[in-house]
Amino acid sequence: MSAARTPCAVRLVHGAAALVAAAGLGWTLWYGVGDGDTALAFGILVAAGELTRRTGPGSEREPAPLGTAGALAYALLGQNAGHPTAHGVPQVVAVVVAGALAGTAPHIARGRGPTADHMARRVLTVAFAAACFQPLCGSGRTAAWAVRGPSYAMVLLLLLGLTALCDAVLAAAMAHARTRCPAPGSPHRPGRGVPIGPLLGEELRALAGIGSAVCATGVVMALGVAVAGLWALPVFSVPLLLTQLSLRRHTLVRTTYRQTITSLARATEIAGYTPHGHARRVAGLSRAVGRELGLAEPALTVLEYAGLMHDIGQLSLVDPVPGGATAPLPPAEQRRIALLGGAVVRQTGVDAKVAVIVERQADPYREQPLTARIVRAVNAYEDLAGENEEVKGAGGPLGALERLRLGTGHDYQPEVVESLARVLARGGAA
């Protein structure tokens, strides 16, 4: 998305992050670095975390465990080997920004640097954690505040929870703002966007996995340095590096799995049974509609796979469907093709949930799971709105939506059709 089309709310977040970063760097340069050894150690830790972070397509949501934990630990650090620290909020921001820039410089040189959203969230969340902790417990104030023992750890965990919530709210707000803007070239005006509630829930659920482990490690790092000094950093860095390696391997496996499903789905296009790009468009629109309806990330992934493979049953037909459009076929023929597709999916070893969606996509919507209702409506829209000579009188996108609305009594769920209309008004799956 070009800068001219970046939503005002996103530009506001980016501007706030740039202002906070500039203030932190300027303050630190003017007044000098306090406790330089500690600042250097945590700066190197953040840089190493960003340097080893996977970049490129599909890595936007992959965390950098080492860099994130190191930044949070420095923000929540009040003592070093029993001695009070000498850094404050501006220095925390400066060290994290400098370390992140140093670690991402090689990626940026290759044109695969992190997104502006990622950097803005990192700066603002670390500044939030430091602003909550340092005035109360940092720079020798721990004893004065009378927080010791288990209470001190509980305070750190509470602040960490607030920081994670702040990050989730920022991510959901920016995603909501972006979904309000139609795609470039779309004639539609900005709409209300995906509801922020489902987006926030998706971000919070993402924290339940590796995110919670990284946050907890940040607290343990801060406590370890407070007792044992900077030697605690390499002790806790090794498990995080192993975690990051395992996460990368898991991501590669998921990527390979998705590429396999995409290749299987293209079989109908290569054989001439369906138009080029039809499965990909149905998968993208289905995922967008599912997010609009508040489905969680695992359900969205299954929905996307089902959208890719929804027409694979046509490979079992002796006579291909003209133009590959199944929406105009009689209900009995639609169900037969769907059952054939489910059988093919089960034989490929793909998740059985995908097979269920494929084989039930032609049932009356009151008998279908929500995911099958979505695939059915989106596939019908693509068949009716596409440039398919076999589908006469569809009337283009607007006519296709009208025909779907007319079929909400039996074939299509009204909520799904209206969610599809809102997604299309924003420019579709983009």
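This is a predicted model: local features need pLDDT of at least 70, side-chain atom pairs count only at pLDDT 80 or more; totals for chains, interfaces and linings use all residues.
Residues are numbered from 1 along each chain as its sequence is written, and side-chain values use heavy atoms, with hydrogens and water left out. Local features need pLDDT of at least 70 and side-chain atom pairs count only at pLDDT 80 or more, while totals for chains, interfaces and linings use all residues.

The chain has 17 helices and two strands, taken as DSSP runs numbered from the N terminus (helices H or I, at least four residues; strands E, at least two). Of its 430 residues, 48% are buried. Buried means under 20% relative accessible area, exposed over 50%, and partly exposed in between (1.4 Å probe, protein chains only).

Helix α3 (residues 65-75) is largely enclosed by the rest of the structure, because ten of its eleven residues are buried. Among them are P65, L66, G67 and Y74.

The count of disulfides is zero, a disulfide being a pair of cysteine sulfur atoms within 2.5 Å. C132 is in no disulfide, and its nearest cysteine sulfur, that of C166, lies 8.4 Å away.

| Residue | Relative accessible area | Class |
|---|---|---|
| C8 | 58% | exposed |
| C132 | 23% | partly exposed |
| W30 | 70% | exposed |

W30 sits in helix α1 (residues 8-31). With W27 and Y31, W30 forms a nonpolar surface patch of about 480 Å² accessible area together. Such patches join nonpolar side chains (Val, Leu, Ile, Met, Phe, Trp, Tyr) within 5 Å, and like charges within 9 Å, from residues with over 30% relative accessible area and no salt bridge. A salt bridge is a side-chain nitrogen of Lys or Arg within 4 Å of a carboxyl oxygen of Asp or Glu. Accessible areas come from the Shrake-Rupley method with a 1.4 Å probe; for residues, only the protein chains shown count as cover.
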